[in-house]
Amino acid sequence: DHGRRRSSEHSPSRRNSDGRDRSKSRGDDRRRSAEELRDRIKRALRRLSREKRGGLLQAFEEFDQDGSGLVTRSEFRRGLRDLGLKLDDADVFDLVERLDRDGDGRVSYREFRQFVDDL
């Protein structure tokens with residue numbers, strides 16, 4: 001039957017005007033916005049480290065509110081909020097996951113420095 005679509009074809013409502021599948025472009029948009037967010041955070045952290053006499057270490061210590069030498073998710077969220085960057089829980093979780101190279105759920109100074117330097 002020529003009037004029917006094959007089940008393997010996408011319906012027109014799932015396609016963008018350029019013919020790409022919308023679900024794929026949404027995933028691309030999320031990835032792009034996550035990358036833009038990380039870049040904004042890195043720029044803000046670099047700016048903070050330039051403003052502080054002790055540089056990046058002092059910036060890290062401001063995030064590390066309990067002085068443990070490790071920044072928790074809640075400390076990271078609070079530090080970013082103090083910089084004017086308000087993130088939802090999912091963004092904070094994803095960001096700490098990305099920074100936390102040893103998998104302990106907290107960010108060390110070394111991990112913090114690597115994140116800021118990696119731009």
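Predicted model: local features only at pLDDT ≥ 70, side-chain atom pairs only at ≥ 80, totals over all residues.
Trainee: Why is Leu95 called buried?
Mentor: Leu95 lies in helix α4 and has a relative accessible area of 5%. Buried means under 20%, partly exposed lies in between, and exposed means over 50% (1.4 Å probe, protein chains only), so Leu95 is buried. Across the protein chain, 31% of the 119 residues count as buried.

Trainee: Which residues touch Leu95, leaving aside those up to four places away in sequence?
Mentor: Arg38, Ile41, Phe76, Leu80, Leu87 and Phe115, contact meaning heavy atoms within 4.5 Å. For the protein chain, 43% of the contacts between residues at least 6 apart in sequence join residues at least 24 apart.

Trainee: How do you know on which side of α3 the buried residues lie?
Mentor: Within α3 (residues 73-82), the buried residues are Glu75, Phe76, Gly79 and Leu80. They span an arc of only 130° around the axis, so they are on the same side of α3. The arc is taken over the directions from the helix axis to the C-beta atoms. An α-helix has 3.6 residues a turn, so residues three or four places apart point the same way.

Trainee: Which residues are buried in α5?
Mentor: In α5 (residues 109-117) they are Glu111, Phe112, Phe115 and Val116. Their arc is again only 130° around the axis, which puts them on the same side of α5.

Trainee: What makes α3 and α4 roughly perpendicular or oblique?
Mentor: Their axes come within 10 Å and cross at roughly 110°. Axes are lines fitted to C-alpha atoms, for helices over the stretch in contact, and angles run from 0 to 180 degrees between N-to-C directions. Under 35 degrees is roughly parallel, over 145 roughly antiparallel, 65 to 115 roughly perpendicular, and the rest oblique. The pair is therefore roughly perpendicular. Residues in this contact include Phe76 and Leu80 of α3 and Val92, Leu95 and Leu99 of α4.

Trainee: What class does the angle between α4 and α5 fall into?
Mentor: The axes of α4 (residues 89-99) and α5 come within 9 Å and cross at roughly 100°, which makes α4 roughly perpendicular to α5. Leu95, Arg98 and Leu99 of α4 meet Glu111, Phe112 and Phe115 of α5.

Trainee: Why is α2 given a class of its angle to α5, and which one?
Mentor: The axes of α2 (residues 55-63) and α5 come within 10 Å and cross at roughly 120°, so α2 is oblique to α5. The contact is formed by Leu56, Leu57, Phe60 and Phe63 of α2 with Tyr109, Phe112, Arg113 and Val116 of α5.

Terms used
Residues numbered from 1 in each chain as written. Heavy atoms only, no water. Helix = DSSP H or I, 4+ residues; strand = E, 2+ residues; numbered from the N terminus.
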